[in-house]
Amino acid sequence: MFKNYLKIAWRSLKKQPFFTFLNTFGLAVGMAGGLLISLYIHDELSFDKMFADADRIYRIDTDIKFGGAEIKASETAAPMAGAMQTDFPQVENTVRFRDRGSMLIRKSDAETNTKELHVTFVDSTFFDFFGIDLLVGDIKTALAQPNTLVMTKTAAEKHFGVQNALGQNMRLNNTDTYTVTGVIDDLPENSFLRDHSIFMAMAGYADSQNNHWGNTNYYTFVKLIPGASETDFQKPLQGMLERYMLPWAQEYFPGMTAESFAASGNYLRYHTMPLTDIHLYSNRQSEMSANSSIQNVYILSFIGLFLIVLASVNFMNLSTAYSLKRAKEVGVRKTLGSNKRELVRQFLTESGVISFISLLLALIVTVVALPFFNELSGKSVSFPYASPFFWLILIGATLLLGLFSGSYPAFFMSRFMPVTVLKGGGQSKTGGGKIRNSLVVFQFAISVFLIVSTLVVFQQLKFIQGKDLGFTKSQVVLVDDTYALGSQVGAFKNEVTQLGQVESATLSDYFPIPSARSNSSYFKEGALEQENAIQMQTWEVDDDYITTLNMQMVAGRNFDEQFGTDSTAVIINEAMLPVLGVEAEEALGTRITEDLDLEEKVFYTIIGVVKDFHYESLRENIGALGLFMQKSSGNLAVKLKAGDFPTALSGIKGIWNELAPGQPFSYRFMDEAFNSTYEAEQKLGRIFMVFTALSILIACLGLFGLAAFNAQKRTKEIGIRKVLGASVGQITFRLTTDFLKMVGLAICISLPLGWFAMNKWLEDFSYRIDIPWWVFVLAAVLAIGIAILTVSYQSIKAAVVNPVKSLRTE
């Protein structure tokens, strides 16, 4: 019987190639889109689950409010790991990381450096803690000694090959020598360690041995014993404040208690973050690697689900439109003895055949589109050809989709009455109009919602790129790693400024782009108690910094090398003024210090106030900041004149090669570095745009199907209207208006939902747009325009038919 169903299904599909193509194409597009998004979501949800005992591993996070600043740190103090290992029986093991950013590295007997972008110190427990094996080397001794390191397979092959790695001596940043004691495999792309290539022994890092509880520079992970409860672990964790932090702090603030600390509005809280939640749920200061957001997963899940639902709805509408041509077939079958159950099985078999043909097409489209999708999303997702579980889920989902999509058309067609359809009444009495219309409204409501979302995302990005940031980022080149020049760094800056294409240049480790930050506590002269602490960013700059970045002074003056006292001067930003409780002019001459533990304290005098500039993402408010004139050699920012950039870059590189032969020359434009802060939003915007286009395509197919259904249903009516004198334009207008009413209803439903959802998304930004009215107008106009173009073809086609032919149809 099933074989017979398949034969009839195949013959039926071959009879109507156009409708078969539309049905198959619509489902294939929806399934391919849903499959791509499913692969993306699976990758996002799989982060860090490959590590041994991942379900028992937690990172210790720190929430601090002190000196008027609130900090949500993903790090803790250096002694935290040791204290937890000692005090908490629930803790099986600990490991710490101290990220060092990028480093220049070379073999000790080589002259040319290469740059490793992500280097970190790590405890020797690293391998056992995460279940990481060495390709070469001994786990027990690999990072046990000072000045030893382990590198990834790719890093080892870059320098000397895996098998030749052990015992090699490496020079880091042209200063320290480290011995290679092991090589590990490259870390998975879906792990928080994916970018790191060099792991140096924490045993050789003096700062890691200190008992300073005031700095939070170490990523601290704990592994709980089997059966230990994270919830039970939280309460004693808060006791670390009184047990360790306060005794240390009392050296600087005698008599400080937990009560006085809290009474000043301050707090220090520790929290556990499950390892497998970091990627999607953590958005803290100085994450080890770029994280995503569970919000994005929800958004893309919504898009993927509705692409499939839209494709299914489209299938239903096209199938019911085609059903009128099969009304007599159903009548004949019933007359010859077929019952409703057999007819339902037949029609569901047809929908199943279409679903599996669509699946084959969707798989082809997915494989072809996957590289482009990876580029679009910034992922490296692969197709899981070898996973039986994947194929089982895919085939099961296709069966369910076929049953769901074919259920309404099957029951719709199987209830045709033989007497009615064989007498020619099938076209006017089939019913189901409200359901079909509702499905079209649903399709277009989703499409309009996605149009609004896409427009808002791009408007926010445009706002970010065009906002006055308080500094000039265009035409500024950042030359990295200028510390490699050694004593020649000053000469490098001077020679670069002599180039005809260069306006000015400045040396500093700190620029308003994504990078490491330095927070410190300062105190006004005469107010050295803990309740008077002032938390602020401390940036070391030179006297050309403000000029090169075109920052604006609102009071006082800039640094000047001619003033010897400027070595103990500071320029603050406007955000610092409320903390000090003064106006800009009043702040000048105020002295501040951070040296609470020294008898001879160094006080810095405020000589100027710079206009606030954005040095963090626009999601964050501008915090207090101080610029100090100190020698720095991390990066050189070069302000170029408008014109021939390649010539300017060539000139800078030439000077570099003269002064630092063998050192890699690396540069980037500041505007590109700044825009990388919003890479996640840019990716989201591109994904929205692509899948919005797909949803509109699928919705148009559904509308096209309903227009075809309506034209067939009203064939005799159209003929009579033409005989009575109606023009083609009048008939087209009448047919089109019915659909525009449905689109109008979809717009009324979707615009408020779009406004609400995108306002929630914008709440993540401290600086954001107010959604402009024209976004909703444009979304509505696009929806109406697309609907008119889609329906017009069928309406005009029906309206131009000879009325004699129309009246003979039935």
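The following is a conversation about a predicted model of a protein.

Colleague: What should I know about the model before I start?
Modeller: The model is predicted, so local features need pLDDT of at least 70 and side-chain atom pairs pLDDT 80 or more, while totals for chains, interfaces and linings use all residues. Residues are numbered from 1 along each chain as its sequence is written, and side-chain values use heavy atoms, without hydrogens or water.

Colleague: How many helices and strands are there in the protein?
Modeller: There are 26 helices and 22 strands, taken as DSSP runs numbered from the N terminus (helices: H or I, at least four residues; strands: E, at least two).

Colleague: What share of the residues is buried?
Modeller: Of the 810 residues, 53% are buried. Buried means under 20% relative accessible area, exposed over 50%, and partly exposed in between (1.4 Å probe, protein chains only).

Colleague: Which residues other than glycine have a positive phi?
Modeller: Among them are Asp 481, with phi near 60°, and Asn 550, at about 55°. Most residues other than glycine have a negative phi.

Colleague: Where is Asp 481 found?
Modeller: Asp 481 lies in the loop between strand E12 (476-479) and helix H16 (489-497). Its relative accessibility is 4%, so Asp 481 counts as buried.

Colleague: And where is Asn 550 found?
Modeller: The loop between helix H17 (545-548) and strand E16 (553-556) holds Asn 550. Asn 550 is partly exposed because its relative accessible area is 43%.

Colleague: Changing topic, is Trp 773 buried or exposed?
Modeller: Trp 773 counts as exposed because its relative accessibility is 63%. Trp 773 belongs to helix H25 (residues 773-799).
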